[in-house]
Amino acid sequence: MGVFVLGSLNVDLVAYVKRLPDPGETVVGKEFLSFPGGKGLNQAIAVARSGSSVAMIGALGDDNHGEFLRKTLASEGINFQEVKTLEGATGVAIIEVDEKGQNRIIVIPGANSGINSDDVAKYLAENPPHILLAQLETPLAVIIEAFKTAKKNGTYTILNPAPAQILPKELLENTDLLIPNEHEASTLTGISIKTVKDAEEAANALRQMGAKEVVITLGENGSIYSTNTATIYQKAFSANVIDTTAAGDAFCGGLAASLDREVPFQQALKYASVAGGLATEIRGAVPSLPTRDIIQRFLQSAL
């Protein structure tokens with residue numbers, strides 16, 4: 001058992017504002033903070049905090065940000081022997097968050113763009129994990145080769161297609177579980193998603209494009225899980241929303257960890273939904289990711 005996370009490692013530079021500025025407008029911020037982040041690192045930490053063994057595959061620069069993130073990996077108990085050190089800058093995300101918790105994000109990949117496809121494929125062939133989880137903040141060619149290698153060795157592959165982009169058929173056909181939000185699903189399918197029924201239509205389209213199973217997250221409207229035989233709807237749990245950054249990462253990591261423990265899918269989906277909701281109640285990406293104990297206590301209180 002165990003989860004490998006192939007993905008980005010960034011330092012998040014976060015500006016908190018009353019409202020997000022319009023193009024060409026300057027607004028006065030309320031606060032500026034920095035956090036460890038990157039969708040890959042966030043999801044790896046979410047998996048670790050949910051109690052699964054996790055190894056990270058990625059790259060850091062040889063700068064102070066890289067050293068900061070190495071210490072973060074170590075403190076979370078994540079195996080980072082396959083996190084390479086490359087010459088140059090570590091990835092950075094510039095994030096704006098308004099008083100309603102909504103955000104805008106600019107990602108500057110830095111070392112994340114230097115991951116080597118051959119190295120990753122070789123490592124996965126020699127060390128096949130139970131689950132491989134990836135996003136789209138690292139080069140697409142690397143992810144494709146990683147998923148092809150993983151499937152040859154019996155690994156269950158999960159792809160969170162964020163940031164949204166059109167995906168090649170060879171990647172979707174090697175994806176066991178695709179987890180887009182409604183915006184990403186719309187980009188992939190061309191279907192405008194305003195209702196749960198729209199999401200079901202988009203999920204069916206994504207399966208026809210090659211993904212074996214699909215979960216579409218719908219924010220406060222919950223999520224759906226679609227297979228070729230059934231569709232399951234999972235409601236969202238109420239949350240005091242402060243910052244939505246990393247809510248999707250908490251969901252993906254929580255779901256991957258539950259599946260690693262071979263929890264039935266409907267139960268795993270509920271766990272992931274709670275993880276995502278709780279992550280909106282605390283500022284910052286990594287600080288907001290809940291532990292398994294916190295999630296289970298919430299689930300027990302919600303029964």
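Me: Which residue stands opposite Leu 13 in strand 3?

Reply: Leu 13 stands opposite Ser 34, a residue of strand 3. Please bear in mind that this model is predicted. The two strands concerned, strand 2 (residues 10-17) and strand 3, run antiparallel and are joined by 8 bridges.

Me: Where is Thr 72 placed, and is Thr 72 buried or exposed?

Reply: Thr 72 lies in helix 2. Burial is judged by relative accessible area, with under 20% counting as buried. Thr 72 has a relative accessibility of 9%, and therefore counts as buried. Its surroundings can be listed as well: leaving aside residues up to four places away in sequence, Thr 72 touches Pro 36 and Ile 45.

Me: Which residues of helix 6 are buried, and how are they arranged around the axis?

Reply: In helix 6 (residues 182-189), the buried residues are Glu 182, Glu 184, Ala 185 and Leu 188. They lie on the same side of helix 6, because the arc they cover around the axis is only 160°. Their cover includes strand 10 (177-178), helix 7 (196-208) and strand 11 (213-217).

Me: What is found at the N-terminal end of helix 6, and what just after the helix?

Reply: The N-terminal end of helix 6 is capped by Asn 181, which has a side-chain oxygen 3.0 Å from the backbone nitrogen of His 183. Just after helix 6 comes Gly 190, with a positive phi of about 80°.

Me: How is a pair of aromatic rings described, and how many aromatic pairs are counted here?

Reply: Two values describe such a pair: the distance of the centres and the angle of the planes. The count here is 3 aromatic pairs. One of them is the stacked pair of Phe 4 and Tyr 123, at 5.5 Å centre to centre with 15° between the planes. This pair links distant parts of the chain, 119 residues apart: Phe 4 is in strand 1 (residues 3-6) and Tyr 123 in helix 3 (residues 117-126). Phe 4 counts as buried at 12% relative accessibility, and Tyr 123 counts as buried at 9%.

Me: Why is the pair of Phe 237 and Phe 298 edge-to-face?

Reply: The planes of the two rings, Phe 237 and Phe 298, stand at 90° with their centres 5.7 Å apart, so the pair is edge-to-face. This pair too links distant parts of the chain, 61 residues apart. Phe 237 belongs to the loop between strand 13 (231-234) and helix 8 (247-260), whereas Phe 298 belongs to helix 10 (residues 292-302). Phe 237 is buried, with a relative accessible area of 16%, while Phe 298, at 22%, is partly exposed.

Key: Residues numbered from 1 in each chain as written. Predicted model: local features only at pLDDT ≥ 70, side-chain atom pairs only at ≥ 80, totals over all residues. Heavy atoms only, no water. Pairing = 2+ DSSP bridges. Helix = DSSP H or I, 4+ residues; strand = E, 2+ residues; numbered from the N terminus. Buried < 20%, exposed > 50% of the residue type's maximum accessible area, 1.4 Å probe, protein only. Arc of directions from axis to C-beta. Contact = heavy atoms within 4.5 Å. Polar contact = N/O pair within 3.5 Å; in protein donor to acceptor, adjacent residues only side chain to side chain. Phe/Tyr/Trp six-rings, centres within 6.5 Å; stacked < 30°, edge-to-face > 60°.
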